[in-house]
Amino acid sequence: MQFVPRLPSILLLGVVYVAYVLIGGAVFWRLEGELVEQNQALLREQKSRLLQRLTCLDIQGLEEVGQLIQSASKYGLSLKSNSTADGFWKFTSSSVFAATVVTTIGYGNISPNTMYGQIFCVFFALFGIPLNVVVLNKIGKYMLSIERRLCDFIAKKTERKRCVEVLIHSLSFATMAMLYFVAPVLVVQRYEGWSYAEAVYYCFITLSTIGFGDYVADDDPDRYYPEWYGPIMGAWIFFGLAWLALLVNHSIDLLERFNGYMKERREGIASSSEGSQQEQTQAPEEKS
């Protein structure tokens with residue numbers, strides 16, 4: 001019997017979810033569709049010009065060149081300098097790939113091609129993804145407990161619990177945002193040669209574990225990267241995801257406190273109304 005009253009809320013939530021996705025699809029369609037059509041027309045013109053200029057190149061040869069470019073991009077080979085991306089499928093890049101698997105980022109810039117590698121990837125992700133969720137959740141809760149203890153310690157000294165909580169949480173959020181979002185944006189912009197908007201886009205897509213793979217750090221074979229760049233980016237991904245777990249725990253904690261506050265307020269209003277009703281019923285009895 002308790003399931004029936006919840007059904008309308010579930011349906012409403014489902015309708016909101018579907019509407020949100022469809023609206024997002026319509027917006028992306030409007031923003032990106034026209035540009036794709038323009039690029040396709042431009043590519044057709046460039047293709048015809050290339051075939052006219054290179055008379056020895058036919059359609060089959062052009063397809064072979066396209067396949068060569070795709071394969072070179074897949075295996076980290078630069079066609080300009082004939083060099084490969086630093087550490088491509090070496091221990092460092094393999095460790096970063098393993099991290100993108102368990103964090104479900106999945107850039108797609110590198111992927112296993114051997115049968116044994118693909119089978120191992122399935123079992124590795126099967127056990128690694130839940131382990132990653134547990135570890136990040138534990139780290140987020142641990143960081144939140146440190147903030148709570150700091151808030152309680154300062155609140156005892158100042159006797160202003162609400163102000164201290166707001167101040168500590170605000171400072172923590174600002175510090176973590178600078179450390180895990182603003183600073184990485186500047187570093188990525190410097191060493192990847194991207195614009196500021198592209199760097200912000202990459203950092204958000206990475207930390208949100210969307211991982212389109214259109215922008216990947218430490219993956220350009222034509223650029224020089226310092227030795228510390230790859231390990232720093234890997235550490236940033238892990239601790240950045242832990243920061244997101246902290247934000248999730250923050251949100252849950254704030255919602256629980258707000259829910260408790262509203263519940264206490266409703267109970268207080270209900271008790272006061274009951275008290276006033278009892279006083280009104282007692283007053284006629286005393287007169288009689």
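Predicted model: local features only at pLDDT ≥ 70, side-chain atom pairs only at ≥ 80, totals over all residues.

Q: OK, so which class does Tyr-201 get?
A: Tyr-201 has 31% relative accessibility, so it counts as partly exposed.

Q: How many aromatic pairs are there in the structure?
A: There are 12. In one of them, Tyr-201 and Tyr-215 sit edge-to-face, with 5.8 Å centre to centre and 80 degrees between the planes.

Q: Where in the chain are those two?
A: Tyr-201 is in helix H6 (residues 196–207), while Tyr-215 is in the loop between H6 and helix H7 (229–287). They're 14 residues apart, so the pair links distant parts of the chain. Tyr-215 is partly exposed too, at 24%.

Q: What about Trp-228 and Tyr-229?
A: Also an edge-to-face pair: 6.2 Å centre to centre, 70 degrees between the planes. Trp-228 is partly exposed at 41%, whereas Tyr-229 is buried at 0%.

Q: Which residues do ring pairs link into a cluster?
A: Tyr-107, Trp-194, Tyr-201, Tyr-202, Tyr-215 and Trp-236.

Q: Switching topic: what makes up the nonpolar surface patch?
A: Met-115, Tyr-116, Ile-119, Val-122, Phe-123, Leu-126 and Phe-127, for about 830 Å². Met-115 is in helix H4 (residues 115–158).

Q: And what's the mean pLDDT of the chain?
A: The mean is 79, with 84% of residues at 70 or more. Over residues 1–5 pLDDT stays under 50, and the model has 0 contacts there beyond four places in sequence.

Key: Residues numbered from 1 in each chain as written. Heavy atoms only, no water. Patch = residues over 30% accessible without salt bridge, like charges linked within 9 Å, V, L, I, M, F, W, Y side chains within 5 Å. Areas by Shrake-Rupley, 256 points an atom, 1.4 Å probe, with all protein chains shown as cover. Salt bridge = Lys/Arg side-chain N within 4 Å of Asp/Glu carboxyl O. Helix = DSSP H or I, 4+ residues; strand = E, 2+ residues; numbered from the N terminus. pLDDT = per-residue confidence, 0-100. Contact = heavy atoms within 4.5 Å. Phe/Tyr/Trp six-rings, centres within 6.5 Å; stacked < 30°, edge-to-face > 60°. Buried < 20%, exposed > 50% of the residue type's maximum accessible area, 1.4 Å probe, protein only.
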